Amino acid sequence: MICSVCMETFERLISSARVSSIKGPDVRHHKSFETFKSSLDQNCYVCTGVWDSLDAGGRKKWEEEWMKSTWEGDDPIPVSLASIAVALPARPESSQDYTICLRLHMPPRPLVDVLPLISQAFFLLKPPIAQDCSRIKRLKKFFSRRAEKPESALSRPVFGLNTTASSLDLAKSWVNSCVAHHPQCNNVLVDHVDWVPTRLLYFTAGTVRLIETKETKPTTPYMTLTHRWGFADEEKMMLNKRTYPSLIGGMPISSMPKLFQEVMTVALHLDVNYIWIDALCIFQDKDDQTDWRNEASLMQKVYSNSFCNISAADATSCSDTLFSQPRNVEEEILPQTVYLPSPSLSPLSSSSSSYSSSSPTSITSTSSQTRFRLLSSFLNRHAIPKPPYVANNKTKTKAGAFTLINLSLWTHQVSHALVNTRAWVLQERVLAPRILHFGRRQLFWECRCSEACEAFPFGDLPSQMIREEESGVKLTRSLHSRPPRRQEDQDNSNDLSPYLAWRLLSQAYTNTSLSFPSDKLIAISGLAKLFQSFAKSDDYVAGLWRPWLEGELLWANASPQYFGAKATTKRPENYRAPSWSWASIDGPLTTGTPMNGQDHGFVIRVEDVKLSYSTEDKTGAVTDGWLRLRGTLFETELVRVSCADEKVGWTVKLEGIHVSDEKAPPTPASLNPRVCLDVMQEDFERENEDGLLFSMVAKTGENAGGHMYMLLFKLVDRQKGVFQRLGILLVAGDVMKRRVLEVERGFDKPRLPCVELHEDNQHSIIII
């Protein structure tokens, strides 16, 4: 179903778009929150997709603020169609595809927000294309098989549908197909053959019990669960010294939290009787974390050897439900067919089209004559409806049939799902060979070879689907199809794909949250072990890789870099990692690129690295560490400056010389060099006065237009040449880069603090 407001908006966009344009006009959408809310209540496919672009906190903020707000005059609510991008057709006679961005924009509330709340969803409007006969036959066979199957033993409606287990039948078909046809998803590392976790939950139709696998070997594969721990979950069922006897002895499944009950129901539907759940398979005693530390080091094996992982994508805690809210499949889930006036539309040849008998005024593809509405919707959306005529300015204009697809579907319900905001979940998702994501509105499937969802059950997701955050996950999954690394190939370090995948994953990891900041390196240690098996070198150092350390040191704070911006990064109170590692910072970061050497413009060299660990696991928690770095050191000052937009930034002095462009009016965007602090600081007056700030050119920016990177340090021990990292400086423009490189230290100035001063006037320093 498409609401009238969306239809009118699309009509204005299509009628005003030009074939030669790259970006269409901005068109306003709903004029009040009330009409927007009404469309949501009617299950408008578009408005629902836009609403899903907000996370739970964003939705609550909108409801609280805009439900009680009134707008003066005709100024519409900031639910606006921001732009329309027109893709030129492959053939002049064919119709166009339109990619439409709908943006929700809520201005910052006074004294509450620093930045506006902005979210957006992308939709694709494309002419339907007649599918080949084999595809139609597959659809008919697929749905007839589901319809003719006897009633499942499951009595609980799944996803609020009347067809009790239809979604789980679809899940089972995905799993069976993957097992039969995807060797990459069945690959097990050599040292993991026949491996099982220390403990598993064994369950039948009515009871569940904990087993120690050393004593009781499982007879079938096991599944795993990815879920979100709620604040009250510590009071629910979990494994500890007190509950161990009752769990070993067995108990009714009905005594388990709701989420765990439903997960076991899903596993039974997939013919699996064993599952690993962290809360029930790892001792959670706060006074004795011996078992927790041991099991945390085994996460790679636990998830890599799982038959299938269940992700409770939208559940807030173990007391919540696995299944989504009740929904109308045809109106909310499946792509819609809409009719829009399109004077430039050229109808395709009828010989290649199959026309539907839908009414010209209908918005969705439906048929009351079909026994199974779901099948009807699928068949109609893959056929070309007969083009109706609509009145337009007292003339008849041919109306084009368009299929409307939510391109942000995967992003909003999988990538940005509530559970995927947890730091631990990233490695669980990447390590598991198969995943069933129980999303907010539908079921999603992901394995090492394919993705699918209820809207696209055969894995034919549109190539235009917006999933930029998925690049690290997809690249990592592709590495499983490569042959195992042989011992004689270890010296071949030309393949950067594992390190590039790690960079993308670690960058995504910095956008997640931890209940216990001390888990930063532990929660990604399973991934580190996986990449040790992928990479040509096993030298993993606190979130970075020794062979490419020069480039990976150049990570940066990704939040706004001016004083007065909302602080999104901080250092934990207790030591967690050396300051040169991104793991020492909480908050979103841009990770460094795996490269080094003078050919890439690097003028620093890592001479040595030492780390101390809390356990024998060298991918886990770090207790101490340092790095010896060689390069040219500059005494540095950061001078606070007021910008034209009433914000505050920094100008830079090297060896007492202003290198910032003093002619340009200062704004945070125009300051050059640009200061990117790891953690925002109000001023550096004391550091400047005591001569504690230093910097070192790391990468010259050898390409025209490339940035020069400089590392920024604070002196910790002058006698021993020990420093702490504070951030980086980005230098833009060839003139400014030359200005920096031409700075020299006067002969009358004392020697700079360092471990060693080399004949070429480079310095070796220690960074902790």
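1. Basis. The model is predicted, so local features need pLDDT of at least 70 and side-chain atom pairs count only at pLDDT 80 or more, while totals for chains, interfaces and linings use all residues. Residues are numbered from 1 along each chain as its sequence is written, and side-chain values use heavy atoms, with hydrogens and water left out.

2. Aromatic pairs. The structure holds 21 aromatic pairs (rings of Phe, Tyr and Trp, the last by its six-membered ring, with centres within 6.5 Å; planes under 30 degrees apart are stacked, over 60 edge-to-face, the rest tilted). One of them joins Tyr 509 and Trp 582 edge-to-face, at 6.0 Å centre to centre and 75 degrees between the planes. Tyr 509 belongs to helix α18 (497-509) and Trp 582 to the loop between β19 (556-557) and β20 (589-590), so the pair ties together parts 73 residues apart in sequence. Helices (H or I, at least four residues) and strands (E, at least two) are DSSP runs, numbered from the N terminus. Tyr 509 is buried at 0% relative accessible area, and Trp 582 is buried at 1% (buried is under 20% relative accessible area, exposed over 50%, partly exposed in between, with a 1.4 Å probe and protein chains only).

3. A second pair. Phe 694 and Phe 723 have ring centres 5.5 Å apart and planes at 80 degrees, so this pair is also edge-to-face. Phe 694 is in strand β27 (693-699) and Phe 723 in strand β29 (722-731), 29 residues apart. Both residues are buried.

4. One aromatic cluster consists of Tyr 499, Trp 502, Phe 531, Phe 534, Tyr 540, Trp 545 and Trp 548. Helix α19 (525-534) has 8 of its 10 residues buried, Phe 531 and Phe 534 among them.

5. Charges over rings. The charged end of Arg 725 sits over the ring of Trp 555, 3.4 Å from its centre. For Lys 699 over Phe 602, the distance is 6.0 Å. The criterion is NZ of Lys or CZ of Arg within 6 Å of the ring centre and within 35 degrees of the ring normal.

6. Cavities. A search of the whole structure gives 7 cavities of 30 Å³ or more (a cavity is a set of points on a 1 Å grid over the protein atoms alone where a 1.4 Å probe fits but cannot get out; lining residues have an atom within 4 Å of a point). Helix α3 supplies the largest share of its lining, 3 residues.

Note on methods:
On a 1 Å grid over the protein atoms alone, a cavity is a set of points where a 1.4 Å probe fits but cannot get out, and a pocket is an open set with protein on both sides within 12 Å along at least five of seven lines; lining residues have an atom within 4 Å of a point. Grid points are joined across faces, edges and corners, and a volume is the space filled by probe spheres set on the points.
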